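Student: I am new to this structure. Please show it to me, and then I will ask what its terms rest on.

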Amino acid sequence: IIDFSHHSCTNALLDFAVSNAIPLVLATTGQTEAERAAIAAAAEKIPLFFAANYSLGVALLIELAKKTAAAMPEAEIEIIEKHHDRKIDAPSGTALAIARAIQEVRPAATVNCGRSGQGKRTPEEIGISAIRMGNIVGEHEVILGTPSQTITLKHEAHSRSLFAEGALAAAEFLCGKPAGLYDMTSLISF
C-alpha cells in the first residue's frame, strides 16, 4: 500500500496494514506526536517504510548535511526551502527532516523557523527559511559556513515523478523484510 494522501488517514492505514499483515509505505508529513508513536508501534508488527520525502537525492542531501555538520562543528547552518505557492505547510517536512538529522550529530542545536525581528544569531541555531511561489516542485539548500569557508548543498526536484520512483523503490525494498521501521537511509549506503 502506498499512501500519498493527507496525514489524516494515517491511523486508518496503519490499522488496516497491521490487521492484514501488509507491509506499508507511508508517504505523508505533518504527523502529530501521537501519530508518530502509532507509526512506531505499527512497525513492531509489520515492515513499515516512512519518510518525509521519497527522493533518493534528498536522502543523499540529508546524509551529506549530517556528515558536513559533524565534520565542521563550528559552522553555522541555514536551510532554505522553496515550493510552489499551493503548499500549505512551512517549513516543509523535508526541511525539518534535514534539521532533525543535523541535530543527531549536534544535540545542542535548536531550530529557528523564519527568522525575523531583532536579535543575534546563536551559535547552535539551525535557521530554516521557507519560500512559496509559482510552480516550484521543491528545492532544499543547506548552507554551512564558518568565518573562513562556506559549503552549500542543494537538491532540486524537476518533476514530481521522482517521489513515485522513490516510493516504488521503497515498496520493492520492503519485499521479504521483517517487521521494522525503515526510511530512505535504508536505500542508500556510504
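Tutor: Start with two helices: Thr10, Asn11, Leu14 and Val18 in α1 meet Glu35, Ala38, Ile39 and Ala42 in α2. To meet is to be in contact (heavy atoms within 4.5 Å). This is a predicted model in which local features need pLDDT of at least 70 and side-chain atom pairs pLDDT 80 or more, while totals for chains, interfaces and linings use all residues. Residues are numbered from 1 along each chain as its sequence is written, and side-chain values use heavy atoms, without hydrogens and water.

Student: What makes α1 and α2 roughly parallel?

Tutor: The axes of α1 (10–19) and α2 (residues 33–43) cross at roughly 10 degrees and come within 10 Å. Axes are lines fitted to C-alpha atoms, for helices over the stretch in contact, with angles from 0 to 180 degrees between N-to-C directions. Angles under 35 degrees count as roughly parallel (over 145 roughly antiparallel, 65 to 115 roughly perpendicular, the rest oblique), so α1 and α2 are roughly parallel.

Student: Which classes of residue make up the contact of α1 with α2?

Tutor: That contact has 5 nonpolar, 2 polar and 1 charged residues. Ala, Val, Leu, Ile, Met, Phe, Trp, Tyr, Cys and Pro count as nonpolar, Asp, Glu, Lys and Arg as charged, and the others, Gly among them, as polar.

Student: Why is Ala21 called exposed?

Tutor: Ala21 has 60% relative accessibility, and exposed means over 50% (buried is under 20%, partly exposed in between, with a 1.4 Å probe and protein chains only). Ala21 therefore counts as exposed. Ala21 is in the loop between α1 and β2 (24–26), and its phi is near 50 degrees, a positive value in a residue other than glycine.

Student: Why is Ile131 called partly exposed?

Tutor: Its relative accessibility is 30%. Ile131 sits in strand β6 (residues 125–132) and, leaving out residues up to four places away in sequence, touches Ile80, Glu81, Lys82 and His83.

Student: How do you know that β7 and β8 are paired?

Tutor: Two strands pair if DSSP finds at least two bridges between them. Strand β7 (residues 138–145) is joined to β8 by 8 bridges, and the two run antiparallel. Among the partners, Ile143 is bridged to Thr152 in β8, and Gly138 stands opposite Ala157. β7 and β8 form a hairpin with 4 residues between them. Strands are DSSP runs of E, at least two residues long, and helices runs of H or I, at least four, numbered from the N terminus.

Student: What makes β5 and β8 edge strands?

Tutor: The open sheet has 5 strands in the order β5-β6-β4-β7-β8, with mixed pairing. β5 (110–113) and β8 (150–157) each pair on one side only, which makes them the edges. From one strand to the next the twist averages 15 degrees.

Student: Where does the chain have its lowest and its highest confidence?

Tutor: Confidence is given as pLDDT, from 0 to 100 for each residue. The lowest is strand β1 (residues 2–3), at a mean of 46, and the highest is β4, at 98. The chain mean is 91, and 95% of its residues reach 70 or more. Over residues 1–7 the pLDDT is below 50, although this stretch has 26 contacts in the model beyond near neighbours in sequence. Where pLDDT is low, the predicted coordinates should not be read in detail.

Methods:
pLDDT is the predictor's confidence in each residue, from 0 to 100.
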